[in-house]
Amino acid sequence: MAKLFDLSQLNPIKLYFQSDVFHSQNENLAVFNPNYNPRHTDNDFFARNLKSWQDKVKYYQPYQQGDTINLMWLGVSTNNYTAYIVDCHGKHVAQIVPTSPGTLGSDTIYLLKLPLWNIDEGVYFIQLRYANTSTIENTYMISEPIDIKAYHEGTMQFMYKNSFNDQHVIWSYENLEMCFRIHCAFTEMTPQNKSVVYENEPLNPTLVSAIPYREWLLNFGYNGNQIPEWLIDKLERIFSCDTIKIDGKYFTRKENSQFSPKRIEGHP
């Protein structure tokens, strides 16, 4: 049986089932069990999963009004899906119906494009709704809060896609490309080159070929804009894609490179 919402973690925003009911045997409602405390990072808001010894802070994912949030998920074929941009008072400020460009086995693919150019500056949530026509109960998903501004100082825009279907995303439909924004900075540039040197019998070296290139150090959560762990998990997935543009320029992750956390005591 197809799930109502089958979302890849590679989507640019973090979404949760919007429900506090007890877990049922229905696979479509993969909500958390309120007897489990704390809840898993994929089941509830970052701010509600803070440990007792951690600072009580909130994180708003930055987006600029020139960005477009693209989401993809697998669902059922009834086409009863709607997306909303919701303000902090629960008011719907925008409504968009996703398209269904194709199918994958028994699942229907849904693609949502949310332009932000006409959304006023402020903090919002993305809400997905499945309207159940057979009962009065609808199923909702809601995102971590996003902070929309005309300009977010200290952020960069990541546009990413893959040349083949991967990480539970069907990239082949409608030339899909996802948009992600985060506080970060290139803080160090190291020129490198890959060279081949020939040495003759007296060991006199001769340069045969050399390919110069640049290597950059990219810091996230830079200059006091710390980021939560779930964003590092998302970045790890983004950098597994084979096509990444950062502020319009193409970059490739260095082979075998890893994220190195720099933690602040008591800060999540």
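**Burial, packing and confidence in a predicted model**

Q: Is Asn-223 buried or exposed?
A: In this predicted model, Asn-223 belongs to the loop that joins E14 to H1. Its relative accessible area is 68%. Exposed residues are those over 50%, so Asn-223 counts as exposed.

Q: In which loop is Leu-203, another residue with positive phi, placed?
A: Phi of Leu-203 is near 65 degrees, a positive value in a residue that is not glycine. With a relative accessible area of 58%, Leu-203 is exposed. Its place is the loop between E13 and E14.

Q: How far apart are the C-alpha atoms of Gly-105 and Ser-143?
A: Gly-105 sits in the loop between strand E7 (99-104) and E8, and at 73% relative accessibility Gly-105 counts as exposed. Ser-143 is 38 residues away from Gly-105 along the chain. The separation of the two C-alpha atoms is 27 Å.

Q: What is the mean pLDDT of the protein?
A: A pLDDT of 70 or more is reached by 93% of the residues. Over residues 22-29, in contrast, pLDDT stays under 50, and the model has 16 contacts beyond four places in sequence for this segment. For the protein, the mean pLDDT is 89.

Q: How many strands does the protein have?
A: The C-alpha trace spans about 85 × 45 × 40 Å along its principal axes. Within the protein, the secondary structure includes 1 helix. The number of strands is 16.

Q: What percentage of the 268 residues count as buried?
A: The protein exposes about 15,900 Å², of which carbon and sulfur atoms supply 49%. Among contacts with a separation of 6 or more, 68% join residues 24 or more positions apart. Of the 268 residues, the buried share is 40%.

Q: Which class describes the ring pair of Tyr-81 and Tyr-130?
A: A search of the whole structure gives 19 aromatic pairs. In the pair of Tyr-81 and Tyr-130, the ring centres are 5.1 Å apart and the planes stand at 55 degrees. Planes under 30 degrees apart count as stacked and those over 60 as edge-to-face, so the pair of Tyr-81 and Tyr-130 is tilted.

Q: How many residues apart in sequence are the parts that the pair of Tyr-81 and Tyr-130 ties together?
A: Tyr-81 lies in strand E5 (residues 81-87), while Tyr-130 lies in strand E9 (residues 122-130). Tyr-81 is buried at 2% relative accessibility, and Tyr-130 is buried at 8%. Because the partners belong to these two strands, the pair ties together parts whose distance in sequence is 49 residues.

Q: Which residues form one aromatic cluster with Tyr-81 and Tyr-130?
A: Tyr-81 and Tyr-130 are both members of one aromatic cluster.

Q: Which residues does Thr-82 touch beyond four places in sequence?
A: Thr-82 lies in strand E5. Its relative accessible area is 10%, and Thr-82 is therefore buried. Residues up to four places away are not counted, and those touched are Gln-95, Ile-96, Pro-98, Gln-127, Leu-128 and Arg-129.

Q: How many residues does the largest nonpolar core have?
A: The residues with the most contacts inside this core are Met-72, Phe-158, Tyr-160, Trp-171, Phe-180, Ile-182 and Phe-220. Elements that give two or more residues to this core include strand E12 (155-161), strand E13 (178-199) and helix H1 (229-238). Apart from it lies another core of 28 residues, among them Ala-2, Leu-4, Tyr-63 and Leu-112. For the largest nonpolar core, the count is 30 residues.

Q: Which side of H1 do its buried residues take, the same side or opposite sides?
A: The buried residues of H1 are Trp-230, Leu-231, Lys-234, Leu-235 and Ile-238. In an α-helix, with 3.6 residues a turn, residues three or four places apart point the same way.

Q: Against which strands do the buried residues of H1 pack?
A: Ile-238, one of the buried residues of H1, is among the contacts of Tyr-160. The strands against which the buried residues of H1 pack are E3 (61-64), E12, E13, E14 and E15.

Conventions: Residues numbered from 1 in each chain as written. Predicted model: local features only at pLDDT ≥ 70, side-chain atom pairs only at ≥ 80, totals over all residues. Heavy atoms only, no water. Phe/Tyr/Trp six-rings, centres within 6.5 Å; stacked < 30°, edge-to-face > 60°. Helix = DSSP H or I, 4+ residues; strand = E, 2+ residues; numbered from the N terminus. Buried < 20%, exposed > 50% of the residue type's maximum accessible area, 1.4 Å probe, protein only. Core = buried A, V, L, I, M, F, W, Y, C linked by side-chain atoms within 4.5 Å. Contact = heavy atoms within 4.5 Å. pLDDT = per-residue confidence, 0-100. Areas by Shrake-Rupley, 256 points an atom, 1.4 Å probe, with all protein chains shown as cover.
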